[in-house]
Amino acid sequence: MPAKNESLLLCLLAAALILPVNIYLIGEEGLGAGLQSSFFRYQQTYLGTSVITLADDLGYVTSGIIGGRSALSILLWALGTAFLLAAAGYLIYNRYNGVTGIRRPLVLLTIGGAVAYLLSCVAQCGPTLHGPAGFSIPVGVPLIFAIAVYTLKVEEDEDDELEHEEEGEDDWEEIEEEE
């Protein structure tokens, strides 16, 4: 993959980790609302405004303060973040070592992150993303799926270019043999 595409892909993965992925409302009565990114939640409730990091959420789950569907939702969210971090790490590692070619693991890690984020919303609010716990709008999930599709498209374009280059080399070798 050319360096230009790798840089763009790395920027897109960074944007997916930074931009809000989920907008939610707590409870049917509107007890609060918030934005959730990969590493933190910004939440406003009748009790006040909070910024809750993913590390804090995981601490609440492991200490037993949060349990049930909310705990499952947090664990799935952490899994999605881990998948996206692994995808970015994989891309950086390959770029640093000059490895080109196979991008399927990158695509699978990116899709895994999107699916984990979506399942996190489903675990919290139900399959319709609306229920007694509130509602959720996973606005960042389509963006993450688009990044995976872009990665796959870039890989296919690269594979086509390599095939054409190899065919051109074979033709050149045939010309040399005829002379």
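In strand E4, the bridge partner of Phe40 is Thr53. Let me start from that pair. Keep in mind that this is a predicted model.

Phe40 belongs to strand E3, residues 40–45. Strand E4 covers residues 48–53. The two run antiparallel, joined by six bridges. They make a hairpin, with two residues between them.

Now the other partner of E3. Strand E2 spans residues 32–36, and it pairs with E3 in the antiparallel sense. Here there are five bridges.

Next, helix H2, residues 54–63. Which of its residues are buried? They are Leu54, Asp57 and Val61. They sit on the same side of H2, because they cover an arc of only 60° around the axis. Why does that spacing work? An α-helix has 3.6 residues a turn, so residues three or four places apart point the same way.

What does the buried side pack against? The buried residues of H2 pack against strand E3, strand E4 and helix H3, which is residues 68–97. So much for that side.

Turn to the face of H2 pointing away from the buried side. Ala55 and Thr62 are there, and they are exposed.

And what follows H2? Gly64 does. Its phi is positive, near 90°.

To recap: E3 pairs with E2 and is joined to E4 by six bridges. The buried residues of H2 pack against E3, E4 and H3.

Terms used. Residues are numbered from 1 along each chain as its sequence is written. This is a predicted model: local features need pLDDT of at least 70, side-chain atom pairs count only at pLDDT 80 or more; totals for chains, interfaces and linings use all residues. Side-chain values use heavy atoms; hydrogens and water are left out. Buried means under 20% relative accessible area, exposed over 50%, partly exposed in between (1.4 Å probe, protein chains only). Helices (H or I, at least four residues) and strands (E, at least two) are DSSP runs, numbered from the N terminus. The arc is that of the directions from the helix axis to the C-beta atoms. Contact means heavy atoms within 4.5 Å. Two strands pair if DSSP finds at least two bridges between them.
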